[in-house]
Amino acid sequence: DQQVKQNSPSLSVQEGRISILNCDYTNSMFDYFLWYKKYPAEGPTFLISISSIKDKNEDGRFTVFLNKSAKHLSLHIVPSQPGDSAVYFCAASARIKAAGNKLTFGGGTRVLVKP
Amino acid sequence: ETGVTQSPTHLIKTRGQQVTLRCSSQSGHNTVSWYQQALGQGPQFIFQYYREEENGRGNFPPRFSGLQFPNYSSELNVNALELDDSALYLCASSYSPGRGTEAFFGQGTRLTVV
């Protein structure tokens, strides 16, 4: 039972254009969402997060949008740069004390930014 | 400020053996979580340790066990290794177990079971 899904395994975009990564979730208990970026041979690096009380959070070139009714979030990268080429993971956590800070991850989207 | 470091980086074990993976948390962090990332998939939560006690566990059998030490470093132990245990094992530390505190990941340990 995959509670967090990233349906696009890969995305190719031209440098300077917008990259849009999508993520869907099924667990209505999730109320905090994060995006991580992962380069080969490195661990995931935190990018940006959003709480369910918001529908948008922006940090420089990165913006995350949350649509709670659709259980959908997206990450926009504008403008895309070659250094953004990596695997991006969407993650979610729920307000369950016993779960600590457990993150449930999607399967990842590999982004290639072409110069 | 040192980041999260894991050792070893690569490991090959035989089915049925036992393995211990190690993680040093980032300075000032008291919470460590372990994740398993199979090839082509996202990381899956194994368990979390906060102040030397287990603070949440994912859907992994008891042969996956852990420890956290007074300096907040941690170990992941896996007994009776199976071929499906082959994966990248990631350790993440944070300054509290609460949600909203971002987890910082190490580079991972690549375990191959043959």
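**Exercise 1. In which order do the 5 strands of the open sheet of chain A stand, and is the pairing parallel or antiparallel?**

The structure is a predicted model, in which local features need pLDDT of at least 70, side-chain atom pairs count only at pLDDT 80 or more, and totals for chains, interfaces and linings use all residues. Residues are numbered from 1 along each chain as its sequence is written, chains are lettered from A and ligands numbered from 1 in the order in which they are written, and side-chain values use heavy atoms, with hydrogens and water left out.

Solution. 

Step 1. Strands (E, at least two residues) are DSSP runs, numbered from the N terminus. Two strands pair if DSSP finds at least two bridges between them. Strands of a sheet pair through backbone hydrogen bonds, either parallel or antiparallel.

Step 2. Follow the bridges in chain A. Strands β1(A) and β3(A) are joined by 2 bridges and run antiparallel; here A:Val4 is opposite A:Tyr25. Between β3(A) and β8(A) there are 6 bridges, again antiparallel, and A:Ile20 has A:His76 as its bridge partner. Strand β7 (residues 62–67) of chain A pairs with β8 (residues 72–77) over 6 bridges in the antiparallel sense, with A:Thr63 opposite A:His76.

Step 3. State the order. The sheet reads β1-β3-β8-β7-β6 in chain A, and its pairing is antiparallel. Strands β1 (4–5) and β6 (56–59) each have a single partner strand, so one side of each lacks a neighbour in the sheet.

**Exercise 2. Which residues form the covered face of strand β3 (residues 19–25) of chain A, and which the uncovered one?**

Solution. 

Step 1. The covered face of β3(A) holds A:Ser19, A:Leu21, A:Cys23 and A:Tyr25, while A:Ile20, A:Asn22 and A:Asp24 make up the uncovered face.

**Exercise 3. Describe the sheet β1-β3-β8-β7 of chain B.**

Solution. 

Step 1. In chain B, 4 strands form an open sheet β1-β3-β8-β7 with antiparallel pairing. Its edge strands are β1 (5–7) and β7 (64–68), each of which pairs on one side only. From one strand to the next, the twist averages 20° (axes are lines fitted to C-alpha atoms, and angles run from 0 to 180 degrees between N-to-C directions).

Step 2. Examine the pairs. Strands β3 (residues 19–24) and β8 (residues 74–78) of chain B pair antiparallel over 5 bridges, and B:Val19 is opposite B:Val78. Strands β7(B) and β8(B) are also antiparallel, joined by 5 bridges; the partner of B:Gln68 is B:Ser74.

Step 3. Examine the turn. Strands β7(B) and β8(B) form a hairpin with 5 residues between them, and B:Tyr72 in the turn has a positive phi of about 75°.

Step 4. Separate the faces. B:Phe64, B:Gly66 and B:Gln68 form the covered face of β7(B), whereas B:Ser65 and B:Leu67 form the uncovered one.

**Exercise 4. Classify two ring pairs, A:Tyr36 with B:Phe105 and B:Tyr35 with B:Phe45.**

Solution. 

Step 1. State the rule. Rings of Phe, Tyr and Trp (its six-membered ring) pair if their centres lie within 6.5 Å; planes under 30 degrees apart count as stacked, over 60 as edge-to-face and the rest as tilted. The count by this rule is 12 aromatic pairs over all chains.

Step 2. Take the first pair. The centres of A:Tyr36 and B:Phe105 are 5.4 Å apart and the planes stand at 90°, so the pair is edge-to-face. This pair crosses between chains, from strand β4 (residues 30–38) of chain A to strand β10 (residues 104–105) of chain B. A:Tyr36 and B:Phe105 are both buried (under 20% relative accessible area, with exposed over 50% and partly exposed in between; 1.4 Å probe, protein chains only).

Step 3. Take the second pair. The centres of B:Tyr35 and B:Phe45 are 5.6 Å apart and the planes at 65°, so this pair is edge-to-face. B:Tyr35 lies in β4 (residues 31–37) and B:Phe45 in β5 (residues 44–50) of chain B, so the pair ties together parts that are 10 residues apart in sequence. B:Tyr35 has a relative accessible area of 1%, and B:Phe45 one of 5%.

**Exercise 5. How many residues of chain B are in contact with chain A, and what area is buried between the chains?**

Solution. 

Step 1. Count the contacts. Contact means heavy atoms within 4.5 Å; 23 residues of chain B are in contact with 24 residues of chain A.

Step 2. Give the area. Buried area is the accessible area (1.4 Å probe) that two parts lose on being put together, summed over both. Between chain B and chain A this area is about 1700 Å², of which carbon and sulfur atoms give 55%.
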